[in-house]
There are 2 protein chains.
Amino acid sequence: MLSKKTKYALHALTYLGKHKDEGTVLIHDIAEEYGISHKFLENILLELRKAGYLGSKKGKGGGYYLIKEPKDIPLSRIIRLLDGPIALLPCVSLNYYEPCSECKDEFKCGINKVMVQVRDETLKILENKSLADILSGE
Amino acid sequence: MLSKKTKYALHALTYLGKHKDEGTVLIHDIAEEYGISHKFLENILLELRKAGYLGSKKGKGGGYYLIKEPKDIPLSRIIRLLDGPIALLPCVSLNYYEPCSECKDEFKCGINKVMVQVRDETLKILENKSLADILSGE
DNA sequence: ATAAACCCTATAAAATAAATAGGGTTTATA
DNA sequence: TATAAACCCTATTTATTTTATAGGGTTTAT
C-alpha cells in the first residue's frame, strides 16, 4: 500500500492540475479540500517542489503551481520520491538496491529471479500511468 | 516492499519445495539455512499451515511439509496472507477494502479509477507467478 | 518416561510513518 | 516602510506497524 504521504501527494497534484490555469494555489486550499493537516501537506509540497514537479511563489499572493505537464508525471516517479522502492525486495530494486543478508548467492536465488520479472512488469504499469490519466478520470 | 515475514515465508516455501520428497522438514533446518530466528519463523510456518499450504507432524520426528503443488501457490496468495492488500490504496482493495476519509465520492475520484487499473494489472502479474516459478529458477 | 518437535498467545523492542512545532524568509500592498 | 500573508526549513513528538522474543502447552517416537 502507498503511504498517506504519497496518497496526499497525488491528491495535491490532482488539485493543482485541475487549477493549473488559475495561477498559484494555496497550501491552505488543498489541505482544506481533502482535510489534510496543513503542516503535513506543506512538507509534501516541499518535496514535490524540490523534485522539480512544482514551482512556488513566496510572499503574499504566493502559492504553488505545476511546472510539468501532467502527462510527464508518471506514477512511478511520485511513488519512488515519497515512498521509496517499487520493487518488492531490496535485492531487486533499481534505485534502492541492497543485498539480502540471508542470501548466499543472489544469482542462484529463484526468488530473486522471479522478483526481477515482477519488478519489470510492475514498472511498466506505473510508468505508463500519469497524472494526466488521473485528471481525465475526474 | 514485502515485509521480512513474507520474504521469509517465500524462503521457507522454497526450501520445503526443494525437499518435498524427503518427508518432513524441521523449522530448525529452515531457520538455520537462511539465518532466520527460529521463533519468528515458527509463527510464519504456523500461518502458512493454517492457510492450507503446509501440513505438519507433531512430536519427535515431526516437522513441516508442503501439501499443495508449487504451481498452485501463487505469489498473490502468499503476499495477501502475510502482508495484506496488494492494491495501492485501501479504497481499491478487493480483500481489505476501506473508504478513504478524504474522498467525498469514490466514483468521481480519478485516483481511484487509475488505482483500480493498476490493481488489476498488478494482480495479473502476481497471480501468474507461483512457487513453481521460484523453484525452477533455483 | 523422556526428549524432540510442533502449538499457541502474549509481550517487548525496534523501526517507520504520521503529525506537530516553531521560527525564518520573502513579497504584495496599504 | 510597516504589515500580514505565504512559503521555507529543520527538528521533535506521537502513533502505528513490524520484528523479535518469551514461555509454557501438547503431541508422539522411542
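Helices (H or I, at least four residues) and strands (E, at least two residues) are DSSP runs numbered from the N terminus. The model is predicted, and local features need pLDDT of at least 70, side-chain atom pairs count only at pLDDT 80 or more, and totals for chains, interfaces and linings use all residues. Residues are numbered from 1 along each chain as its sequence is written, chains are lettered from A and ligands numbered from 1 in the order in which they are written, and side-chain values use heavy atoms, with hydrogens and water left out.

**View 1. Chain A and its order of elements.** Chain A contains six helices and two strands. Read from the N terminus, its elements follow the order α-α-α-β-β-α-α-α. Along the principal axes, the C-alpha atoms of chain A fill a box of roughly 60 × 30 × 25 Å.

View 2. A residue is near a strand or molecule if one of its heavy atoms lies within 4 Å of it. There are 29 residues around DNA strand D, and the nearest of them are Glu42(A), Arg49(A), Ser56(A), Tyr64(A) and Lys39(B). Of the atoms of DNA strand D that come within 4 Å of the protein, 65% belong to sugar and phosphate. In chain A, H3, strand E1 (54-57) and strand E2 (63-66) each supply at least two residues of this surface, as do H1 and H3 of chain B. H3(A) provides the largest share, six residues. The class counts near DNA strand D are seven nonpolar, 10 polar and 12 charged residues (Ala, Val, Leu, Ile, Met, Phe, Trp, Tyr, Cys and Pro count as nonpolar, Asp, Glu, Lys and Arg as charged, and the others, Gly among them, as polar).

**View 3. Polar contacts of chain A with DNA strand D.** A polar contact is a pair of N or O atoms within 3.5 Å; within protein, one must be able to donate a hydrogen and the other to accept it, and residues adjacent in sequence count only if both atoms are side-chain atoms. At the bases, a side-chain N or O atom of Glu42(A) is 2.7 Å from a base nitrogen of DNA strand D. At the phosphates, a polar side-chain atom of Ser56(A) is 2.5 Å from a phosphate oxygen of DNA strand D. For Tyr64(A), the distance from a side-chain N or O atom to a phosphate oxygen of DNA strand D is 2.3 Å.

**View 4. DNA strand C and the residues around it.** Among the 29 residues around DNA strand C, those that come nearest are Lys39(A), Glu42(B), Arg49(B), Ser56(B) and Tyr64(B). Sugar or phosphate accounts for 63% of the atoms of DNA strand C within 4 Å of the protein, and bases for the rest. A side-chain N or O atom of Glu42(B) lies 2.8 Å from a base nitrogen of DNA strand C. Two or more residues of the surface near DNA strand C come from each of helix H1 (4-18) and helix H3 (38-50) of chain A, and from helix H3 (38-50), strand E1 (54-57) and strand E2 (63-66) of chain B. Here the largest share, six residues, is from H3(B). The surface near DNA strand C has seven nonpolar, 10 polar and 12 charged residues.

**View 5. Contacts of chain A with DNA strand C.** The side chain of Ser37(A) has an N or O atom 3.4 Å from a phosphate oxygen of DNA strand C. Lys60(A) places a backbone N or O atom 3.5 Å from a sugar or linking oxygen of DNA strand C.

**View 6. The interface of chain B and chain A.** The contact (heavy atoms within 4.5 Å) takes 36 residues from chain B and 36 residues from chain A. The buried area, which is the accessible area (1.4 Å probe) that two parts lose on being put together, summed over both, is about 3,400 Å² between the two chains, with carbon and sulfur atoms giving 67%. Met1(B), Glu102(B) and Ile111(B) supply 20% of the area that chain B buries against chain A, more than any other three residues.

**View 7. Salt bridges and the chain B side of the interface.** A salt bridge is a side-chain nitrogen of Lys or Arg within 4 Å of a carboxyl oxygen of Asp or Glu. The rule finds six of them across the interface of chain B and chain A. One salt bridge joins Glu33(B) to Lys104(A), with the closest N and O atoms 3.2 Å apart. On the side of chain B that touches chain A, at least two residues each come from helix H1 (4-18), helix H2 (27-34), helix H4 (75-83), helix H5 (110-127) and helix H6 (131-136) of chain B. H5(B) gives the most to this side, 11 residues. By class, the side of chain B that touches chain A has 20 nonpolar, six polar and 10 charged residues.

**View 8. An aromatic pair in chain B.** Rings of Phe, Tyr and Trp (its six-membered ring) pair if their centres lie within 6.5 Å; planes under 30 degrees apart count as stacked, over 60 as edge-to-face and the rest as tilted. Over all chains, the structure holds four aromatic pairs. The ring centres of Tyr8(B) and Phe40(B) are 5.9 Å apart and the planes are at 85 degrees, so this pair is edge-to-face. The pair links distant parts of the chain, with Tyr8(B) in helix H1 of chain B and Phe40(B) in helix H3 of chain B, 32 residues apart.
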